[in-house]
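User: I am new to this structure. Please take me through it in short questions and answers.

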Amino acid sequence: MVDAALPNDVLDVLIVGAGISGIDAACRFRELLPDVSIAVLERRERVGGTWDLFRYPGIRSDSDIFTLSFPFRPWRGERSLVDGDEIRDYLVDTVRERGVDRYIEFSTEVLGASWSSADQVWTVRTVVGPDRVERTRTARFVYFCSGYYSYAEPYTPDFPGVDDFAGTLVHPQHWPEDLDLAGKRVVVIGSGATAISLAPGAANAGAAVTILQRTPSYIFSVGRVDAVANVLRRVLPPATAHRVIRNKNIVRLWGLYAMARHFPAPTKQLIRRRATRLLGNQVVDDHFTPPYNPWDQRVCAIPDNDLYEDIREGRIAMVTDRIESFVPEGIRLASGRVLPADVVVTATGLTLQMLGGARLTVDGVPIDPGRTVIYQGALLSGVPNLAICVGYINSSWTLRADATARFVCRLVERMRRTGAGSVTPTLDGEVPADAPPMFGLAAGYIARSGHLLPRSTGAYPWTMTHNPLVDVRQADRSDLTEGLHYEPLRSVTPADPVESPSVAAPRS
Ligand SMILES: Cc1cc2nc3c(=O)[nH]c(=O)nc-3n(C[C@H](O)[C@H](O)[C@H](O)COP(=O)(O)OP(=O)(O)OC[C@H]3O[C@@H](n4cnc5c(N)ncnc54)[C@H](O)[C@@H]3O)c2cc1C
C-alpha cells in the first residue's frame, strides 16, 4: 500500500488508542501483515486505556482473565478474576514482548479525520504533547480502538445540594492518589460493576461502607480461582492450555447468557438461591431483587461472594432508596433518613463517546456515527476504509476486539491483493428509521446516549451479534464482497499491484 505518488509518510493503517483493542490490533497486524506500515496514536502517556485510567481500590476484572487476555499471549497467573494492576502489567508486558511499543506515539490525540475519495486517503488531525502542537497524518485505513466512553467526563447526575456537602466527593474514574479511606464513612452511590468492586476495596482499606442504590442489580458469585483451568495448565503446554481454557470459558459464558435470555425465571431462582444462602431472604428481597430480567441490564460478577461476606459481617451496609439531596453531613434520602458520609463516591457510570470524540468527514460531508449502520460489528455504512472496535458487554471485551482486529487484517489484505484503494460498506436504500442502536442492552449510558451509536438492522452483515461463537468464525471466514463496494487504487497502475502474503487464520 505504500504509494510512490503520495508523500512517503502515508501510513497503510493508523490505529487510534493503545488500550486492549489497539494493542491487540497492533499485534495482529505485525503477526498477519508484517509489511503493512502501522502507527498507534495514543492520547495518554501510557498504554492500557481503561486498565490504566481506573485506580480505585478494588478495581478488578469481572470477566475471567483467560478470555480477557489475548489469545496469542497466555495468562500465567493462578487466579481467574484478577486485579486491575495485574491487567495493566500484562498489557505493558505484551506491548514490550511483542515489540509493538515502537509503533505507539504517546500524547497524541486524534481530533478528526477527513476522507478524500480523490486521493483515497484519510487526513487525520492530531494534537501532540502538553503544548498540543497540531500535526496532520495521512493513512489509507483508520482503525478506531478508542473505547466507548469519555475519559474526561464521567457521568454524574445533577444531585441537588451537592455543593453543600462538607465531605469529599469523588468519581471512580478520577480517583485521587492520596485519598485515605481508613476510618472514614464512605457512601458509594451505584449498583453496577464499579460500585460492587469498589465497596469491598474500600472496606479492605478500613472504611465503613454503605452502598446506596436506586435499583438493585443481578449479582452472580464466581470462583476467584478456576480449578479446572489450573489443572489444564499443569498438564498442557501454556499455549494449548490457554486455548482450551478460553474455549471452555467462551462456551460457559455464552451458555449462562443464553440461559438467562431464554429461561429468565430459573436463572433468577439460581441467582437468588446463591444470595439467600449467605444473606437470608429479607436482605435479598430488599436489595438484590431487580425489577427486570437477568441481562436486560448487565449482570455483575463478584469473586467468592466477597460482597455478600462483607455485608454479612457488617463491613458493608446496603441501602435501596432515592437521593433527595446532599446535605453538609451526607445524603438525605427520599425516606427522610440521612446517610452520614465523610466521602461520597459517585459510581454512577460513564458518558458514552464514539470515536474518542474525533469528528469524521467524507469528501467534506460530516459523518454522524449515529446515522450509520454497523457492518459486521466493525465498519460504518457509507464510510470508506475505516473500522471501529467495540467489544462485548455480555462477555469479555477482548473476544470481540480480537475477532474484529483479525477481520480488519483480512479486509486490508484483500484490498492489497486485489489492488483496491477503498472499501465502503454500502447499504441498499436508506438507514431504517426504527433501526435500534447496535447494543441491545439497557445500560444507563446507552439509555442516555444511544443516539450516538451506529444502528443495526438485525440482519447479517448489518448487525453486531454479541455472540463470540458466531463472531470468531465470521472474523476469519466471512464473505468480503457482500455489501462491500471496492474501488481500484487510483494512483498505482493496475499492472503494479502490491504483493502480500495471504492472511492465515490465526489460532484463537
Ligand atoms: C471500570 C471498568 C471495568 C471493566 N471491567 C471489564 C471486565 O471485567 N471485562 C471486560 O471484558 N470489560 C471490562 N470493561 C470494559 C473495558 O473498557 C474493556 O475491558 C477494555 O479495556 C476496552 O479496551 P479498549 O482498548 O477498547 O478501550 P479503552 O480501554 O477505553 O482504551 C482506549 C484508548 O484509546 C485512547 N483514545 C481514546 N480516544 C482517543 C483519541 N481521540 N486520540 C488518541 N487516543 C485516544 C484512550 O486514551 C485509551 O488509551 C470495564 C470497563 C470499565 C470502565
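This is a predicted model: local features need pLDDT of at least 70, side-chain atom pairs count only at pLDDT 80 or more; totals for chains, interfaces and linings use all residues.

User: Which cysteine sulfur is nearest to that of cysteine 409?
Analyst: Cysteine 409 is in no disulfide. The search of the whole structure finds zero disulfides. The nearest cysteine sulfur is 10 Å away, in cysteine 145.

User: Is cysteine 389 buried or exposed, and what about cysteine 409?
Analyst: Buried means under 20% relative accessible area. Cysteine 389 has 3%. Cysteine 409 has 0%. So cysteine 389 is buried, and cysteine 409 also counts as buried.

User: What is the strand order in the open sheet of five strands?
Analyst: The pairing is parallel. At the edges are β7 (168-170) and β12 (316-320), each pairing on one side only. From one strand to the next, the twist averages 20°. The order is β7-β16-β8-β9-β12.

User: What angle does helix α5 make with β9?
Analyst: Helix α5 (residues 193-204) packs on this sheet. The strands it touches are β8, β9 (208-213), β12 and β16. Its direction and that of β9 make about 165°.

User: Which strands stand at the edges of the open sheet of three strands?
Analyst: The order here is β13-β14-β15, with antiparallel pairing. An edge strand has a single partner, so one side is left without a neighbour in the sheet. The edge strands are β13 (323-327) and β15 (338-340).

User: How many residues surround the ligand?
Analyst: The closest are Ser21, Glu42, Asp62, Ser63 and Tyr151. The total surrounding the ligand is 31 residues.

User: How far is a nitrogen atom of the ligand from a backbone N or O atom of valine 110?
Analyst: An N or O atom in the side chain of glutamate 42 is 2.6 Å from a ligand oxygen atom. One in the side chain of serine 63 is 2.6 Å from a ligand nitrogen atom. For the backbone atom of valine 110, the distance to a ligand nitrogen atom is 2.9 Å.

Note on methods
Residues are numbered from 1 along each chain as its sequence is written. Side-chain values use heavy atoms; hydrogens and water are left out. Two strands pair if DSSP finds at least two bridges between them. Helices (H or I, at least four residues) and strands (E, at least two) are DSSP runs, numbered from the N terminus. Axes are lines fitted to C-alpha atoms, for helices over the stretch in contact, and angles run from 0 to 180 degrees between N-to-C directions. Contact means heavy atoms within 4.5 Å. A disulfide is a pair of cysteine sulfur atoms within 2.5 Å. Buried means under 20% relative accessible area, exposed over 50%, partly exposed in between (1.4 Å probe, protein chains only). A residue is near a molecule or strand if one of its heavy atoms lies within 4 Å of it. A polar contact is a pair of N or O atoms within 3.5 Å; within protein, one must be able to donate a hydrogen and the other to accept it, and residues adjacent in sequence count only if both atoms are side-chain atoms.
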